Amino acid sequence: MAYLIEGETGAWEVVIGLEVHAQVISHAKLFSGAATAFGAEPNTQVSFVDAGFPGMLPVINEVCVEQAVRTGLGLKAQINLTSVFARKNYFYADLPQGYQISQFDKPIVGEGEILLDLDDGTTRAVGIERLHLEQDAGKSIHDMHPTKSFIDLNRSGVALMEIVSKPDLRSPEEAGLYLTKLRSILRYLGTCDGNMQEGSMRCDANVSVRPVGSTELRTRCEIKNVNSIRFVQQAIEYEARRHVEVYEAGGTIKQETRLFDSGRGETRSMRSKEQAHDYRYFPDPDLLPLVIPAELVERIKADLPELPDEKKARFMSEYGLNAYDAGVLVAEKASAEFFETVAKGRDAKAACNWVMGDFFAALNASGRTIEDPPVSAANLGALIDLIKDGTLSGRLAKDVFALMVETGKDPATLVEERGLRQVTDTGAIEAEVDKIIAANPDKVEQVKAGKVTLLGWFVGQVMKATQGKANPGVVNDLLKKKVLGE
């Protein structure tokens, strides 16, 4: 997916690496028993450990460890059976301990990869550098008082997985595909809900540029804590163009951390970028090295669900779907399950068309989720059955579907209540065909003279006269017989 910035001195390539902070799904925090529910009153989910009280010792949450291993396996990554927690020292108001417990040179998960699904149906691998566990910080609130800031420590100590990509991404679009795919994998695994609006998945984007053909990695800038995929793409595009403008003006790029202003659509400097030595990492003296039994890894691996890539391949081979349709359906686990329920024992392509067409449109219009759909999978499947057995034409089926959305009733009930059964009585249809032919002798002559496409107009008139109830196949056959003598 080529993305080049044309400058006065030539074309430039953008180099992107992403660091994603994904909040681990667990009932308790990484090193304390405090709750993690979103939306609680400020400072109501804080233990003495989270608040940095003297003498409080961290105790590892085994569920968070298992979730990190599960995620690593889902990313086809190396699981490090021995890892070390380190203290990352910095001082800020919402970090009461004065340090963050993280992992430095010995993370729990090593190298892996994510496959991007490109528009042309092909895939491209993007490397994962590492995944490590760390505590989240608290939250500073600056808009509740004109001169004071407030601190909410509910988030302090919540378990995060920091997932670091290699600098393999080359466009804002690829960054969007990467985040979409990573979010999908995490949700399939049940290790992070991926809700960027609630802050449970946040992204730092590292951006640099270089002349096309160059292999050097130039100075990068980090855009911090972007909370939507669209904003990540906008921030990358703005920052890459800023770098090109600076270089072409003869300037240099300073390694720094920047913030993205979504209102202005631009980045601005936040602080100079820290190096590892600035944080004075050292192994946390309160925590022993984390040793994971190999049997635990094998147990988690055996319990992994079918993930998006594998499910997509199966949908293509088992249901005969193309890469695009299969990719759309498997993007969310719930939509894949909905489709399979609809398609079971039926024509898979017809099921796919209904799910991706009318059903997704109704879902978006209703504002409901696929877990609480406007039409159930069972009822949508029943509607497809009524088309197959000739009870409904394709056009009538769309009318019935709209009524299903409106009333919540099953299609068979609506067909009987509204008298929507398709007319297959050849005699009744033939009478309408004869009327339309008799009323339009000029158009009949045009068809006989070779304008065969005009037969479609006749079909439309018959369908209109029968309120869409006539069987289109019967209508077509009768028209060809009577007008063309076939």
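Visitor: What covers the buried residues of α7?

Guide: The cover includes α2 (172-189), α5 (308-319), α6 (323-330), α8 (348-366) and α9 (377-388). Keep in mind that this is a predicted model.

Visitor: Which residues of α7 are buried, then?

Guide: In α7, residues 333-343, they are S335, A336, F338, F339, V342 and A343.

Visitor: Why are they on the same side of α7?

Guide: Because they cover an arc of only 160 degrees around the axis.

Visitor: And what comes just after α7?

Guide: G345, with a positive phi of about 75 degrees.

Visitor: Switching to the largest nonpolar core. Which residues touch the most other members?

Guide: L18, I108, M161, I163, Y178, F339 and L380, out of 105 residues. F339 is also one of the buried residues of α7. The largest share of this core comes from α8, with 9 residues.

Visitor: What about the second core?

Guide: That one is separate and has 17 residues, among them L454, F458, V459 and V483.

Visitor: How many bridges join β6 to β7?

Guide: 6, and the two strands run antiparallel. β7 covers residues 123-135. L115 stands opposite A125 in β7.

Visitor: How many residues lie between the strands of that hairpin?

Guide: There are 5. In this hairpin G121 takes a positive phi near 90 degrees.

Note on methods:
Residues numbered from 1 in each chain as written. Predicted model: local features only at pLDDT ≥ 70, side-chain atom pairs only at ≥ 80, totals over all residues. Heavy atoms only, no water. Pairing = 2+ DSSP bridges. Helix = DSSP H or I, 4+ residues; strand = E, 2+ residues; numbered from the N terminus. Buried < 20%, exposed > 50% of the residue type's maximum accessible area, 1.4 Å probe, protein only. Arc of directions from axis to C-beta. Contact = heavy atoms within 4.5 Å. Core = buried A, V, L, I, M, F, W, Y, C linked by side-chain atoms within 4.5 Å.
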